[in-house]
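Here are some notes to read beside the model. Keep the sequence and the 3D view open as you go.

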Amino acid sequence: MHKQLAGLPWKAVPDATRDDNRGHGRREIRTLKILTVSTGIDFPHAAQAIQIRRRRRRLDEPKRFTTETVYAITDLQVHQAKSHQLAAWIRGHWAIENKIHWVRDVTYDEDRSQIRTGTGQQVMAALRNAAIGALRLNGFTNIAAANRHHARDSTRPLALLGIT
């Protein structure tokens, strides 16, 4: 699939959207190109192919850019999803994804886990995701603070889950 998408005539396609952002000590230029596809993509119901190109550089290294190009497809037709909508949806997806991974990496220190046997890693990741989901569903936005709060009283996690 990646080879098919990368092989489309992207050079002939103008940028549909372009964002230039600074933050977190870096500059990022993000462009989106969109092609309507009817044939040539071996994916059922594909209506549009999207190329997302991200060029980033740290602000303290002005001449060193890194470039990442990713592709996406959608079954939405041009009249159903405009370029700015697709760009917002893609950004929104990554915001959610980054939010979950950051909590797992930083709050739960998942990268230093020493669980290595069987399916232990997958089980612990599922338990961490369940904990994050339960806390967020109950209105907690700071997962670290919520963990500390629930650790102080052994009945709190049970009450959170409606077990008591």
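Predicted model: local features only at pLDDT ≥ 70, side-chain atom pairs only at ≥ 80, totals over all residues.

Which residues does Tyr 71 touch, not counting residues up to four places away in sequence?

1. Start with Tyr 71. Its contacts are His 2, Leu 5, Ala 6, Trp 10, Ile 50 and Gln 51, with residues up to four places away in sequence left out.

2. Tyr 71 also belongs to the largest nonpolar core. That core has ten residues.

3. Now look at helix H3, residues 120-137. H3 has 18 residues. From first C-alpha to last, H3 reaches 25 Å, close to the 26 Å expected at 1.5 Å a residue. Its buried residues are Gly 120, Ala 125, Arg 128, Ile 132, Ala 134 and Leu 135. Just after H3 comes Gly 139, with a positive phi of about 90°.

4. How do H3 and H4 pack, and at what angle? Helix H4 covers residues 143-151. The angle between the two helices is about 90°, and their axes are 11 Å apart. The range for roughly perpendicular is 65 to 115 degrees, so H3 is roughly perpendicular to H4.

5. Which residues make the contact of H3 with H4? From H3 come Ile 132, Leu 135 and Arg 136. From H4 come Ile 143, Ala 146, Asn 147 and His 150. By class, the contact has four nonpolar, two polar and one charged residues. Ile 132 and Leu 135 are also buried.

6. Check the backbone at two places. Most residues other than glycine have a negative phi. His 45 is not a glycine, yet its phi is positive, about 65°. His 45 sits in the loop between strand E2 (26-36) and strand E3 (48-58). Is His 45 buried or exposed? His 45 is exposed, with a relative accessible area of 67%.

7. Asp 109 is the other place to check. Asp 109 is not a glycine either, and has a positive phi of about 50°. Asp 109 lies in the loop between helix H2 (83-107) and H3. At 30% relative accessibility, Asp 109 counts as partly exposed.

Note on methods:
Residues numbered from 1 in each chain as written. Heavy atoms only, no water. Core = buried A, V, L, I, M, F, W, Y, C linked by side-chain atoms within 4.5 Å. Buried < 20%, exposed > 50% of the residue type's maximum accessible area, 1.4 Å probe, protein only. Contact = heavy atoms within 4.5 Å. Axes fitted to C-alpha atoms, helices over the stretch in contact; angles between N-to-C directions. Helix = DSSP H or I, 4+ residues; strand = E, 2+ residues; numbered from the N terminus. Parallel < 35°, antiparallel > 145°, perpendicular 65-115°, else oblique. Nonpolar A, V, L, I, M, F, W, Y, C, P; charged D, E, K, R; others polar. Expected span 1.5 Å × (residues − 1).
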